[in-house]
Amino acid sequence: MAISENNIPCIHQVINIALQNGASIREVINKLEDTLEGVYQPRRYGADAFDIATLVFRLGGHQLLFVLNQKLSIPSLRTLRANSTFTSLMPTIGLICNEQYDQNIQTIVLDICSDLLPLRGISFMIDKIALEEMVVHFRKFNKVGGLCWKHLHIVDSVLHTYDSAVSIVQKIHEGHVHLGKELTVISVSCFGEDEIYPILAAPTCKMEDTSDMECILAQTVERWNSSRAAASIGPAWSFATDGDATRRAAGHKLFIKTPLAPDSPLYGTLINMLGLNLFTGTGEMTLDFDFKHIFKCICTLIQSPAGIVLNNGRVINSMMLARYLAWLQAYEEAAVTKLLYPDDPQDIPRVVELMLAIIKFSNSQLHISNNSFSMDIDTHADVASINLLSKLLESILMPFIHVKLSLSQQFEHLSHYSHLAFSIFHAHRHTFMSYQLYYDTQTMVKNTVFSLAKQQSLDPYTPFFLGDVGDDPLEILFGCTYMISGHNSACSYAQALNHLCCKRYRQSIQASS
């Protein structure tokens, strides 16, 4: 009766252990009663219990795991550590050194990835995430973390005595060393896979210059090539970032410096693509920019008062588009206003919707724009300029959102964009788009072409997915970090290191279930 009315935790384990110990029926019943009253708690756990405990610990920390261990009798943190292998990022305390890269590549990448898989291309991704400005203590090293990597070498981060802590506080107040404002994260992503592997997480005070960033990027590539990862996982193909000026300048110096050698296996294919920039970095690596960031920048440019100038000299901005997008039956005035004046300029779905609305308007006016007498001269010129903008947007957007396009059609669109953007930029320069944005878009197209050529050289039978370019996997990892942090704007350095490894644990649990 008690069993039917109450949930006895691990009832099968209790009975099995009692029978293995030669207990009688009365002793088994007494053990079940003790378990029901909470006097006895079985300590043998199955794989599901360890998965639940791991997920609880990774999402909620040791405090939540302690509470649920007491209430639900799931494994404690000590039991979990004794029966599981924990993978964590080595913290950056002081200057970024080779040992950090080597250990993280070994524990995060090599110990997880199987050597039996075929070689695949590797893309490095770098971006920053907000960090709570606070100092944390790493008991394993007896060191203070959470301070900027560039200036922490000025002080001794080891807590020898109380005076050590006082000295660090004084240096912070004097401005010699700073609390980390953001966390610079570098991750590895394999072409053809969804997994991402963070290999560096360094607090920054946002005072790095181009030379500092150049050293970080070069050190990342060098440590990957020096380890056995390049031979067992795959060669490094690209380094992806967003539109940060410092990272752009550093990437330009490193990855656009050497012309492609005639004896390269890529040369025979790429030399026939007229206008393609064949300058690369060491190991034929190329610089890459996230396509979603490019979409946001293009729409921000269109929505600005200065707008975008096309070949007929018409200025396309939010005021002009507000007039014509209202012609579409699917968009009322309020909807058009929300598209052109968004509450959040970082809203990617809204950005894509705006680009699609411009394309849809152009397609709806083709029969009218071809007739010179169907509208007045100014309206006809406006519609013609929007049609040209539509072709530009369609050629760069559709390869990434139209799933029915073949790989050849995707690259035809990108080639169309590259040549069309060049012709307009050659005529109007910065009134068409900024030099930085033009550089980012053309570099993105160039890296995509190089990546496909490298895949054909490495294994022509392996599928190539256009969505593998850019740094979208890193953005997804950051999104998971925000979710685990309770959607707080920032977390401590120790929490960030723990959260960056959570996505892999969730995927492994889902795969095993």
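Trainee: So helices (H or I, at least four residues) and strands (E, at least two) are DSSP runs, numbered from the N terminus. Where does that put Glu284?

Mentor: Glu284 sits in the loop between β8 (279–280) and β9 (286–289). Before going on: this is a predicted model, in which local features need pLDDT of at least 70 and side-chain atom pairs count only at pLDDT 80 or more, while totals for chains, interfaces and linings use all residues. Residues are numbered from 1 along each chain as its sequence is written, and side-chain values use heavy atoms, with hydrogens and water left out.

Trainee: Okay. What is the phi of Glu284?

Mentor: Its phi is positive, about 60 degrees, and Glu284 is not a glycine. Most residues other than glycine have a negative phi.

Trainee: How accessible is Glu284?

Mentor: Glu284 has a relative accessible area of 23%, so it is partly exposed. The classes are buried under 20% relative accessible area, exposed over 50%, and partly exposed in between, with a 1.4 Å probe and protein chains only.

Trainee: And what about the phi of Lys206?

Mentor: Lys206, also not a glycine, has a positive phi near 65 degrees. Lys206 is in the loop between β5 and α8, and its relative accessibility of 49% makes it partly exposed.

Trainee: Which side chain does Lys206 meet in a salt bridge?

Mentor: That of Glu182, at 3.8 Å from N to O. Lys206 lies between β5 (196–204) and α8 (210–226), Glu182 lies in strand β4 (residues 182–190), and the two are 24 residues apart. A salt bridge here is a side-chain nitrogen of Lys or Arg within 4 Å of a carboxyl oxygen of Asp or Glu.

Trainee: How many salt bridges are there in the whole structure?

Mentor: The search finds 14. One of them pairs Asp127 with Arg247, with 3.6 Å between the closest N and O atoms.

Trainee: Are Asp127 and Arg247 buried or exposed?

Mentor: Both Asp127 and Arg247 are buried.

Trainee: What does Asp382 pair with?

Mentor: Arg323, in a salt bridge of 3.9 Å, N to O. Asp382 is in helix α17 and Arg323 in helix α13 (residues 318–325), so parts 59 residues apart in sequence are tied together. Asp382 is buried, at 8% relative accessible area, while Arg323 is partly exposed, at 44%.

Trainee: Which residues of α13 and α17 meet?

Mentor: On α13 they are Met320, Leu321, Arg323 and Tyr324, and on α17 Asp378, Thr379, Asp382, Val383, Ser385 and Ile386. Contact means heavy atoms within 4.5 Å. By class, the contact of α13 with α17 has five nonpolar, two polar and three charged residues. Ala, Val, Leu, Ile, Met, Phe, Trp, Tyr, Cys and Pro count as nonpolar, Asp, Glu, Lys and Arg as charged, and the others, Gly among them, as polar.

Trainee: How far apart are the axes of α15 and α17?

Mentor: Helix α15 (residues 348–364) and helix α17 (residues 377–401) have axes 8 Å apart and pack at about 130 degrees. That angle makes α15 oblique to α17. Residues in this contact include Val352 and Phe361 of α15 and Leu393 and Ile401 of α17. The contact of α15 with α17 counts 14 nonpolar, three polar and one charged residues.

Trainee: Last one: what does His293 touch?

Mentor: Apart from neighbours within four places in sequence, His293 contacts Asp242 and Gly243. His293 is in helix α12 (residues 291–303), and it counts as buried at 17% relative accessibility.

Technical notes
Axes are lines fitted to C-alpha atoms, for helices over the stretch in contact, and angles run from 0 to 180 degrees between N-to-C directions. Angles under 35 degrees count as roughly parallel, over 145 as roughly antiparallel, 65 to 115 as roughly perpendicular and the rest as oblique.
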